[in-house]
Amino acid sequence: MAKNVAPSLDQRLALAKRCSHEGVLAGAKAAVVAGVAAAIPTIASARKLTWARSNLNPTAQALIVSTVAGAAYFIVADKTVLKSARHNSFHQAETHHFEA
């Protein structure tokens, strides 16, 4: 008789919550790094270059920086959650197998 040992619903929910939390932390770290990396050249060019000084008002500068930070957050958070889910899926397949 085959017996499937599957994790309980509470265990699966806790694992999903941990995966999403890891994604949020990684995304936030990436957003901070990307925001600083985008802010430095944006602000420097807005002060030094004639074209940028006349065309990039503070709102445009903030939009550039926030777009880069937001994109970094979502990309890294998504990749982290998928990586964690893939790892847990393979780990679960190895530890919970069918017994004859």
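Which residues does S84 touch, not counting residues up to four places away in sequence? The legends below take up this question along with other views of the predicted model.

**View 1. Overall fold of the predicted protein chain.** The protein chain has three helices and zero strands, and its elements follow the order α-α-α from the N terminus. Of its 100 residues, 21% count as buried. Among contacts with a separation of 6 or more, 79% join residues 24 or more positions apart. The accessible surface is about 7,600 Å², and carbon and sulfur atoms hold 67% of that surface. Mean pLDDT for the protein chain is 86, with 84% of the residues reaching 70 or more. Among the elements, α3 has the lowest mean pLDDT, at 89, while helix α2 (residues 50-55) has the highest, at 93.

View 2. Leaving aside residues up to four places away in sequence, S84 touches C19 and E22. S84 counts as buried because its relative accessible area is 8%, under the 20% limit. C19 is itself one of the buried residues of α1.

**View 3. Helix α1, residues 9-48.** Helix α1 has 40 residues and reaches 58 Å from its first C-alpha to its last, close to the 58 Å expected at 1.5 Å a residue. Its buried residues are C19, G23, G27, A30, A31, A34, G35, A38, A39, T42 and A46. An α-helix has 3.6 residues a turn, so residues three or four places apart point the same way.

**View 4. A38 and its contacts.** Which residues does A38 touch, not counting residues up to four places away in sequence? They are V65 and V68. A38 is found in helix α1. With 11% relative accessibility, A38 counts as buried. The C-alpha atoms of A38 and T67 are separated by 9.5 Å, and these two residues are 29 residues apart along the chain.

**View 5. Q61 and its contacts.** Q61 is found in helix α3 and counts as buried at 17% relative accessibility. Apart from residues up to four places away in sequence, Q61 touches T42, I43, A46 and L56.

**View 6. The aromatic pair Y73 and F74.** A search of the whole structure finds one aromatic pair. Y73 and F74 form this pair, with 5.1 Å centre to centre and 85 degrees between the planes. The pair is edge-to-face, because planes over 60 degrees apart count as such.

**View 7. Spans annotated in the UniProt record.** The unreviewed UniProt entry places the feature "transmembrane region" at residues 24-46 and 58-76. In the model, residues 24-46 are 100% helix and 0% strand, and their end C-alpha atoms lie 32 Å apart. Residues 58-76 are also 100% helix and 0% strand, with end C-alpha atoms 27 Å apart.

Terms used
Residues are numbered from 1 along each chain as its sequence is written. This is a predicted model: local features need pLDDT of at least 70, side-chain atom pairs count only at pLDDT 80 or more; totals for chains, interfaces and linings use all residues. Side-chain values use heavy atoms; hydrogens and water are left out. Helices (H or I, at least four residues) and strands (E, at least two) are DSSP runs, numbered from the N terminus. Buried means under 20% relative accessible area, exposed over 50%, partly exposed in between (1.4 Å probe, protein chains only). Contact means heavy atoms within 4.5 Å. Accessible areas come from the Shrake-Rupley method with a 1.4 Å probe; for residues, only the protein chains shown count as cover. The expected span of a helix is 1.5 Å times one less than its number of residues. UniProt positions are given in the numbering used here, feature names are shortened, and annotations may be inferred rather than shown by experiment. pLDDT is the predictor's confidence in each residue, from 0 to 100. Rings of Phe, Tyr and Trp (its six-membered ring) pair if their centres lie within 6.5 Å; planes under 30 degrees apart count as stacked, over 60 as edge-to-face and the rest as tilted.
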